Amino acid sequence: MLEGLLHDDDKHARVCGSSNWDVDSWAMLERNFLPSFDISSIWFSSEMKALSDDCERFVSFLPGHIYSSKNGGLRRWYNPPWFSETIPSTPYDPLVLRKAFEKAVVKRLMTDVPFGVLLSGGLDSSLVAAVANRYLADTEAGRQWGSQLHTFCVGLKGSPDLKAAREVADYLGTRHHEFHFTVQEGIDALEEVIYHVETYDVTSIRASTPMFLMSRKIKSLGVKMVLSGEGSDEIFGGYLYFHKAPNKEEFHQETCRKINALHLYDCLRANKSTSAWGVEARVPFLDKEFINIAMNIDPEWKMIRPDLRRIEKWVVRNAFDDDQNPYLPKHILYRQKEQFSDGVGYSWIDGLKDHANSQVSDSMLANASFVYPHNTPTTKEGYYYRTIFERYFPKAAARETVPGGPSVACSTAKAVEWDAAWSKNLDPSGRAALGVHEVAYEVKET
């Protein structure tokens, strides 16, 4: 995520905005504020912390946009047809989808440094590993670094991800590296994680912490690049709350909203958790050619249809369900979606909540709206992360770079409306998808 700072040397004017600003917000800024200053330079940084001491407001450089002071400021250059209001109607072709993804993975095997795949044992990372493993020997990288793929997984001992990842690694014959962490080690790393990831978003911090710990261990092995499975859930509606999508129109519009916010959530987490240790993460699911093919599929095919035995991301699973030359074991190919912060071990999130409860009193949470009027935290966990964030980034502009609003199982605020029961269980964990997740939270009484 590229942060921008507009700086006037003579008047010491420092202008920024929030990372969730849209084009209209930029236009308002340029129209109403900038004309009063003689802007002589523009500063850029890959992180907010590099600019936080020198400016009053920050503006994240929006994905798919370019900025030109000579040609009207910020404007979108990447504007694919599927992002318009028109609902796509291209018929689903599993072979076209499979070939496009294989091409996206192989394209990212071009490297001259030691590399591997982040393997959680879920569908997305397992497919990345399976395709990379299948084609590695024929690439220059394979000839240079060896044809045995390295895979990496992190979790609490006995976690769902560790078990599934080990099975996939054994099936593929990869050189597998299994890293363990404890709840206390994760808690001890929270301040460092929030400093590097630059957010107080609850689900991002939950998932960033194990990824941050894993990246440190990966770097210690001399590995400098990893492939990861980010982006698939946004493109194909893989989060469990998509089970409640009322129709294909809302399903597609929600995937567009999720993709548009990737730089604030999963991509933010994957990029900064790995970059903190000098590791580069590559994401084949977000290859532009692959996205265009996947997002142009009629969303009716992506809808979750129990009556047709279609679970979440069925179109991807079906595309790689090859009995003649299988990519993965069937039960891995059809494993239920498990969010990363859940898959590393359910006691991880439970441990975070318990720790936050010991740090934040009932009275502190009751007065949260007075202490934090913007994006007021509604849970003790959210309050705790907010206090750490503001210790490193105390300016009002910094807190405005983090999105807010109600969410269940990583949904947008709009999708919370799909099921009235969700309002009783607003939590970003996949276990908040009541009636969908196999080990969902209990319904809270009101």
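Tutor: Start with the ring rule: rings of Phe, Tyr and Trp (its six-membered ring) pair if their centres lie within 6.5 Å; planes under 30 degrees apart count as stacked, over 60 as edge-to-face and the rest as tilted. One aromatic cluster here is formed by Phe101, Phe236, Phe285, Phe290, Phe320 and Tyr327. Bear in mind that this is a predicted model, where local features need pLDDT of at least 70, side-chain atom pairs count only at pLDDT 80 or more, and totals for chains, interfaces and linings use all residues. Residues are numbered from 1 along each chain as its sequence is written, and side-chain values use heavy atoms, leaving out hydrogens and water.

Student: How many aromatic pairs does the rule give?
Tutor: The count comes to 26 aromatic pairs. A pair of rings is described by the distance of the centres and the angle of the planes. Tryptophan 82 and phenylalanine 83 have ring centres 5.7 Å apart and planes at 90°, so they are edge-to-face. The rings of phenylalanine 389 and phenylalanine 393 sit with centres 5.1 Å apart and planes at 40°, so that pair is tilted.

Student: Is tryptophan 82 buried or exposed?
Tutor: Buried means under 20% relative accessible area, exposed over 50%, partly exposed in between (1.4 Å probe, protein chains only). Tryptophan 82 is buried at 2%, while phenylalanine 83, at 25%, counts as partly exposed. Phenylalanine 389 is buried at 0%, and phenylalanine 393 is buried at 3%.
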